[in-house]
Amino acid sequence: MKPITILLADDHALVRAGIRLLLDAEPDMLVVAEAVDGEQAVTEAVRLRPDVALLDVTMPRLNGLDAALRISRETDSAILMLSMQDDPGYVRRAFDSGASGYVLKDVAHLQLVTAVRTVAGGGRHVDPALEARLAADAANADRHRQDLLSLREERVFSLLALGHTNREIAEQLAISVRTAETQRANIMQKLRVKSRAELVRYALATGRMQLPA
């Protein structure tokens, strides 16, 4: 069976040596190159096209997030971020940069191996210790976004989610069609949605609209 080829990038030699020892001990994994900084990681990834690029978030010359962005644009390698940073913001930035997984450096050996296999197979992996915090942050963000709506916008939002047109909303709320259009634009901007379909999904996800029984 063809092994999962891995590029390992970290600016600490001892960390690289330890991780390489763990991964090379797996029968289905092979570390094909190491990099000491982000620039070298990009160069090696483009040259070797490994199945997985395992990148430290904090590296000299080019940090891991920027390296991930370039590798994701120039190769088909799956990217797994390795970090001491347990801030959910880093996780979101990592996925925005093209990563498919994020694990902490104090992770157990088995979880790191599982993460490598998961992203190599096209899946996504987030360190379990961060999942609850990510969910909580997302819920807080949703509540904040909802709090941004005025009372009038709340009413327009509810009608939009139910499928009413701008004209129908204007008639129900005794406002002009132009005002209804403006309110709709403001709502979509505040909630960061780009279409009615996204708005409906948002309403369902946040419990603002229930599917009929």
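At what angle do the axes of helix α1 and helix α5 cross, and within what distance do they come? Before the answer, a reminder that this is a predicted model. Helix α1 covers residues 13-24 and helix α5 covers residues 109-120; their axes cross at roughly 70 degrees and come within 11 Å. Angles of 65 to 115 degrees count as roughly perpendicular, and α1 and α5 are therefore roughly perpendicular to each other. On the α1 side, the contact is made by Ile19, Leu22 and Leu23; on the α5 side, by His109, Leu112, Val113 and Val116. By class, that contact between α1 and α5 has six nonpolar residues, one polar and no charged.

Next, α8 and α9. Helix α8 runs over residues 166-173 and helix α9 over residues 177-191. Their axes are 8 Å apart, and the packing angle is about 110 degrees. So α8 and α9 are also roughly perpendicular to each other. The crossing of α8 and α9 is right-handed. From α8, the residues in contact are Asn166, Arg167, Ile169 and Ala170, and they meet Val177, Ala180, Glu181 and Arg184 of α9. Here the contact of α8 with α9 divides into four nonpolar, one polar and three charged residues.

Helix α2 is residues 38-48, and its axis lies 9 Å from that of α3, at an angle of about 15 degrees. Angles under 35 degrees count as roughly parallel, so α2 is roughly parallel to α3. This crossing of α2 and α3 is right-handed. Which residues meet there? From α2 they are Gly38, Glu39, Ala41, Val42, Ala45 and Val46, and from α3 they are Ala67, Arg70, Ile71 and Glu74. Of the residues in this contact of α2 with α3, six are nonpolar, one is polar and three are charged.

Where does Ser77 sit? Ser77 is in the loop between α3, residues 64-74, and β4, residues 78-83. Is Ser77 buried or exposed? Its relative accessible area is 8%, and under 20% counts as buried, so Ser77 is buried. Leaving out residues up to four places away in sequence, Ser77 touches Arg49, Pro50, Asp51 and Ile71. With Pro50 there is also a polar pair: a polar atom of the Ser77 side chain lies 2.6 Å from the backbone oxygen of Pro50. Ile71, then, is among the residues that Ser77 touches, and Ile71 is also one of the α3 residues that meet α2.

How values were computed: Residues numbered from 1 in each chain as written. Predicted model: local features only at pLDDT ≥ 70, side-chain atom pairs only at ≥ 80, totals over all residues. Heavy atoms only, no water. Helix = DSSP H or I, 4+ residues; strand = E, 2+ residues; numbered from the N terminus. Buried < 20%, exposed > 50% of the residue type's maximum accessible area, 1.4 Å probe, protein only. Polar contact = N/O pair within 3.5 Å; in protein donor to acceptor, adjacent residues only side chain to side chain. Contact = heavy atoms within 4.5 Å. Axes fitted to C-alpha atoms, helices over the stretch in contact; angles between N-to-C directions. Parallel < 35°, antiparallel > 145°, perpendicular 65-115°, else oblique. Left-handed = near helix turned anticlockwise from the far one by under 90°. Nonpolar A, V, L, I, M, F, W, Y, C, P; charged D, E, K, R; others polar.
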